[in-house]
Structures are given as structure tokens and as C-alpha cells.
Amino acid sequence: MDVRDASLDSSVESLRSDIAAMGADLADINANLDLMTKRVACLPSKVFVIASTTPAIALLTGVIIFGEKLRALMGV
């Protein structure tokens, strides 16, 4: 019976140390999550990305479509 008690005690101690390690890992995950949340808040919104790239795409499309006419107007 004493051997079994000792085995259970060592198993419980092992479980306690594992749970403590998981708690430390969870604290690290929470800290990383807070950092990622702050970084994501600094990223531009979808509206900004669309609003800033649409004029560039329109200009490039116009240059491609009317390239020959623009060259003729510029005398090149």
C-alpha cells in the first residue's frame, strides 16, 4: 500500500508541475495575443487599401489603353 501511495504522490506532483507549466505557457500566449491585437489595430483598413489602390489602377489602365494617343500628344 505504501508503494502505491508513493506512486500516486509522484503522479500528483508530476501533474502539478505540468499544470504550472501550462499556466506559464498560457500567460505567454495571452501576452502574445495582446501584442498581436495592438499590431493589427495599426494596420490599414480595407477601405483605405481600396481607396488608395483604385486611382493607381485607373491611371495605369488609362496609360495602357491610351498609350499611343498620349505619345502622339506628347510628340514622342
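1. Some ground rules come first. The model is predicted, so local features need pLDDT of at least 70 and side-chain atom pairs count only at pLDDT 80 or more, while totals for chains, interfaces and linings use all residues. Residues are numbered from 1 along each chain as its sequence is written, and side-chain values use heavy atoms, with hydrogens and water left out.

2. A nonpolar patch lies on the surface, with about 1,100 Å² of accessible area together; its members include Leu59, Ile64, Phe66 and Met74. Patch residues have over 30% relative accessible area and no salt bridge, with nonpolar side chains (Val, Leu, Ile, Met, Phe, Trp, Tyr) joined within 5 Å. Areas come from the Shrake-Rupley method with a 1.4 Å probe, and for residues only the protein chains shown count as cover.

3. Helix 2 (46-65) gives the patch its largest share, 5 residues. Helix 3 (67-74) supplies at least two, and Met74 sits in helix 3. Helices here are DSSP runs (H or I, at least four residues), numbered from the N terminus.

4. Met74 is exposed, at 64% relative accessible area (exposed means over 50%, buried under 20%, partly exposed in between).

5. The whole structure holds 2 salt bridges, each a side-chain nitrogen of Lys or Arg within 4 Å of a carboxyl oxygen of Asp or Glu. Arg16 pairs with Glu13 at 3.2 Å; the two are 3 residues apart in helix 1 (residues 2-41), about one helical turn. Arg16 is exposed at 54%, whereas Glu13 is partly exposed at 46%.

6. Arg71 and Glu68 form a salt bridge at 3.5 Å, N to O. Both lie in helix 3, 3 residues apart, and Glu68 is exposed at 59%.

Key. Patches are made of residues with over 30% relative accessible area and no salt bridge: like charges are joined within 9 Å, nonpolar side chains (Val, Leu, Ile, Met, Phe, Trp, Tyr) within 5 Å. Buried means under 20% relative accessible area, exposed over 50%, partly exposed in between (1.4 Å probe, protein chains only).
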